[in-house]
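Read the paragraphs below alongside the sequence and the 3D view. They move from side-chain pairs to a metal site and then to individual helices and loops.

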Amino acid sequence: MNYQLQLPEKIIFGRGTRKQLASVLPHGPVLFVTGTHFAARVETEFLPDLAGRPCRIVSGIHPEPPLDDVERVRQAAREINATAIVGIGGGSAMDCAKAAAALLPESGTVADYFYGKKKISGRGAFFAALPTTAGTGAEITSNAVLSDPGTGLKQSLRHASMFAKVAIVDPELTYDCPPAVTAASGFDALTQAIESYISRNANTFSKLLALQAARNILPFLPVAVDEGAARHEARDLIAEGSMLAAMAFAQSGLGAVHGIGHPAGAVLHVPHGVCCAILLPTVLRWNLPSCREQLGELSAALIGQTPEVLIQMLEGTRRMLKLPSNFRSYGLKPEHFAFIVENCRSGSMKSNPRDLSDKEVAAILEELL
Ligand SMILES: [Fe+2]
């Protein structure tokens with residue numbers, strides 16, 4: 001069995017580790033990229049540690065960052081001659097910062113690279129990532145999910161040089177995350193752990209990480225979402241689980257939940273984590289004939305039960321978290337199937353344990369109407 005491991009240069013995990021950011025950044029101006037809600041916190045918590053350095057904050061990054069947001073961040077970084085771009089937020093803020101860092105020295109538009117007209121050289125700026133939600137794993141991976149609202153296309157910009165130089169996973173940053181966001185992003189992380197474990201490209205290293213990620217997340221996600229006293233300890237575990245799941249799928253790739261979830265989410269405007277929650281049990285049932293051994297192994301290690309029981313347990317967890325079980329409320333109609341089928345053939349579908357024909361993808365969607 002041959003494999004190679006690709007991860008950020010440095011990964012720092014633990015409560016309070018965000019205070020280490022200033023010490024790991026290179027000299028020079030710093031551009032912070034964050035969501036609307038977190039901008040004030042960047043100003044009070046991070047800028048004082050960088051006193052004396054030119055800094056700027058770009059906030060208001062949209063979900064599945066549109067190309068214009070990346071252009072805006074890249075422009076701001078050029079204006080201050082940034083030597084580092086720091087993404088602090090959910091997957092969108094981190095991905096936007098990651099793409100802008102990769103494209104900082106490049107000529108042409110962001111769209112040139114999104115549509116493959118030009119190739120990324122790998123000479124991008126220093127990029128650091130700090131997640132404030134536990135789920136996407138964008139701090140660990142080398143791709144940035146972007147969208148073009150003009151064409152409705154959502155896909156990854158990807159290059160081996162796009163791994164963060166430093167990923168700082170401080171669970172305290174997730175403590176204020178609203179319950180609904182914690183539930184959806186946690187389900188994304190759980191999906192990523194399971195899809196990684198049963199991926200065609202899984203290896204010893206990725207499976208160990210994926211199993212531990214699922215162990216951290218499955219039993220503790222309802223506790224993390226609850227407002228009870230135990231939620232901080234639970235959120236520490238979810239933050240670590242999300243990081244481990246991303247370290248796993250950065251090696252193994254994902255599966256059909258992500259393959260189908262991206263175009264479905266784009267066309268129906270479903271948040272990514274919610275999409276994962278809707279699709280995971282159904283896709284696992286479809287995959288089961290092709291991955292009984294792998295899913296059996298995972299189920300036995302996790303809950304001492306069969307894959308069928310694990311899938312039922314995932315449905316129960318989804319119910320407990322008040323996440324939907326189909327796309328009905330998002331208006332899925334048979335007329336959407338063609339777009340989803342046409343746009344689902346990403347790398348995730350290639351690592352899915354079962355080859356799914358266009359007809360089979362449509363049949364999966366049929367079950368979720
Ligand atoms: Fe995901």
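In this predicted model, Asp236 is buried, with a relative accessible area of 16%. Its salt-bridge partner is Arg15, and the closest N and O atoms of the two are 2.7 Å apart. The pair links distant parts of the chain, since Asp236 belongs to helix 9 and Arg15 to the loop between strand 1 (10-13) and helix 1 (21-24), 221 residues apart. Arg15 itself is partly exposed, at a relative accessible area of 43%.

A salt bridge also joins the side chains of Glu45 and Arg18, with an N to O distance of 2.7 Å. This pair too connects distant parts of the chain: Glu45 is in helix 2 (residues 39-45), Arg18 is in the loop between strand 1 and helix 1, and 27 residues separate them. Glu45 counts as partly exposed at 22% relative accessibility, whereas Arg18 is buried at 15%.

Within helix 4 (residues 91-103), Asp95 and Lys98 are three residues apart, which separates them by about one helical turn. They form a salt bridge whose closest N and O atoms are 3.5 Å apart. Both partners are buried: Asp95 has a relative accessibility of 8%, and Lys98 a relative accessible area of 1%. Elsewhere, salt bridges that share partners join Arg18, Arg41, Glu45, Asp170, Glu172 and Asp176 into one network. A search of the whole structure finds 20 salt bridges.

The next topic is the metal site. Which protein atoms are the donors of the iron ion? They are Asp188 (OD), Gln192 (OE1), His258 (NE2) and His272 (NE2), at 2.1 to 2.2 Å from the ion. Along the chain, these donors follow the spacing D-x3-Q-x65-H-x13-H. Asp188 and Gln192 both sit in helix 6 (residues 179-198), and because they are four residues apart, about one helical turn separates them. Residues three or four places apart in an α-helix point the same way, because there are 3.6 residues a turn. Asp188 is buried, with a relative accessible area of 2%, and Gln192 is buried at 3% relative accessibility. The four donor atoms subtend angles of 84 to 161 degrees around the iron ion, so the arrangement is irregular.

Helix 9 (residues 231-252), which holds Asp236, has 22 residues and spans 30 Å from its first C-alpha to its last, close to the 32 Å expected at 1.5 Å a residue. Of its 22 residues, 17 are buried, so helix 9 is largely enclosed by the rest of the structure. Gly253 follows helix 9 and has a positive phi, near 80 degrees.

Most residues other than glycine have a negative phi. Asn81, not a glycine, has a positive phi of about 55 degrees. Asn81 lies in the loop between helix 3 (67-79) and strand 4 (84-89) and is exposed at 59% relative accessibility. Lys322 is also not a glycine and has a positive phi of about 60 degrees. Its position is the loop between helix 12 (307-320) and helix 13, and Lys322 is exposed at 75% relative accessibility.

Finally, in helix 15 (residues 358-367), the residues Val361, Ala362, Ile364 and Leu365 are buried. Seen down the helix axis, the buried residues fall within an arc of 155 degrees, so they line one face of helix 15. What covers them includes helix 10 (256-268), helix 11 (272-303), helix 13 (337-342) and helix 14 (347-351). The face of helix 15 turned away from its buried side carries the exposed residues Lys359 and Glu367.

Conventions: Residues numbered from 1 in each chain as written. Predicted model: local features only at pLDDT ≥ 70, side-chain atom pairs only at ≥ 80, totals over all residues. Heavy atoms only, no water. Buried < 20%, exposed > 50% of the residue type's maximum accessible area, 1.4 Å probe, protein only. Helix = DSSP H or I, 4+ residues; strand = E, 2+ residues; numbered from the N terminus. Arc of directions from axis to C-beta. Contact = heavy atoms within 4.5 Å. Donors = N, O, S within 2.8 Å, 3.2 Å for Na, K, Ca; no water. Tetrahedral: all angles 85-135°; square planar, octahedral: opposite > 155°, others 65-115°. Expected span 1.5 Å × (residues − 1). Salt bridge = Lys/Arg side-chain N within 4 Å of Asp/Glu carboxyl O.
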